[in-house]
Amino acid sequence: MSFRILIFIGLCVWGTSIEPACCQSQNIDARTVDTSEKVNNHARFHSLSRPGLHNVFQIDDQVYSGSGPEGKQSFDALKKMGIKTIISVDGTQPNLKLAKAAGMKYIHIPIGYDGISEDASLSFLRAAKEVKGPVYIHCHHGRHRGPAAAAMVGLCRGSLDKQRALLFLGQAGTSKDYSGLWKDIRQFQVPAEGTPLPELVESAPVEPMVTAMAQISHYYEELLKKAEGTPRDEKNAMRISVLLREEFHESLRKHSDDYDDTFKKWMRESEMEIKQLEAELKQGNQKQVSARLKQFKSQCKRCHKAYRN
Ligand code: HEC
């Protein structure tokens, strides 16, 4: 057994946690783990548990994927993992301030749930070629778009073959409902040498409806926490509920010109639904509140199925 492996085992035993990923923040250890993966093409990807981050996986010695970092705690966790560059593929504007403070650069390549456009693929290729040092690729939850982007970067780097890339999507929990993401990985061919590649930017413009939805999603999750968490926080649940309702109202008013009547009707229904929720929050009717929140989620799904996925 080489000295390096002995150190690796030593560090793992010495660490506070004995999860397999406990040492992966150090590249030397990540490489050791990676070698064993190549032996078995069906080996699962390492899942890491980090404060403030969810669904974190290691794709190869340099590439990780997971959920969007939100507060300082999650940026600190990324820093500890040795991450130098963060790639966001979701519609929210990256938090450049917190990233900079933690010594990391951002690259923003927003993609939809319907698949990875050719332009975005070329940006991922450029990132795969040019970015030095460990990279963290994220969408919002780290389940659908982020893993698809990370799989594409792995294919561009040659660290994943098609079979492993698809295995990764499966393990990350990428829903089969987003068939465009699966198809774009299944059919992806690394573009030829010399193909002109787009500039990489730290913050890309996104459609106003996407920005509004990212905000809606944020409020909805906060609302769930306040209305159903322990302890419950009815006052803030009410406050966030109002913000959520206004976001639906305003995005319908300002950004829905390109959408048809059904879409507009559903946006209004969501607004009404939240109004009902507020009445139930006021009455302190917890059972009704829970049922309403669940029902509300099905409105998100109904519309995404028709207009987004
Ligand atoms: C009436 C339709 C409709 C409803 C209701 C709706 N959405 Fe959306 N949502 C959309 C559309 C359309 C998009 C895609 C916009 C685009 O890509 O141009 C979207 C995109 C999103 C996105 C992706 C943003 C990004 O980063 O790209 C999230 C997250 C989201 N919605 C969350 C929610 C949640 C949570 C709810 C319910 C609480 C909800 N939406 C309700 C229509 C809707």
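Let me begin with the shell around the ligand, to which helix 9 (208–228), helix 11 (261–283) and helix 12 (286–307) each supply at least two residues, and let me say at once that what we are looking at is a predicted model. Helix 9 gives the largest share of that shell, 7 residues.

Which residues come nearest to the ligand? Of the 24 residues around the ligand, these are G91, M213, S217, C300 and C303.

Now I would like to turn to helix 11 and helix 12, which pack at an angle of about 170° with their axes 10 Å apart. Because angles over 145 degrees count as roughly antiparallel, that is how these two helices, helix 11 and helix 12, are described relative to each other. On the helix 11 side the contact is made by F263, W266, E269, S270, E273, Q276, L277, E280 and L281, and on the helix 12 side by Q288, V289, R292, F296, Q299, R302, C303 and Y307. Sorted by class, this contact has 8 nonpolar, 4 polar and 5 charged residues. You will notice C303 again, which is listed in the contact and also among the residues that come nearest to the ligand.

Finally, a word on annotation: the UniProt record, an unreviewed entry, places a "coiled-coil region" at residues 267–294. In the model, that span is 93% helix and 0% strand, and its end C-alpha atoms lie 17 Å apart.

Definitions and conventions. Residues numbered from 1 in each chain as written. Predicted model: local features only at pLDDT ≥ 70, side-chain atom pairs only at ≥ 80, totals over all residues. UniProt positions renumbered as here; feature names shortened; annotations may be inferred. Helix = DSSP H or I, 4+ residues; strand = E, 2+ residues; numbered from the N terminus. Near = placed C-beta within 6 Å. Axes fitted to C-alpha atoms, helices over the stretch in contact; angles between N-to-C directions. Parallel < 35°, antiparallel > 145°, perpendicular 65-115°, else oblique. Contact = placed C-beta atoms within 7 Å. Nonpolar A, V, L, I, M, F, W, Y, C, P; charged D, E, K, R; others polar.
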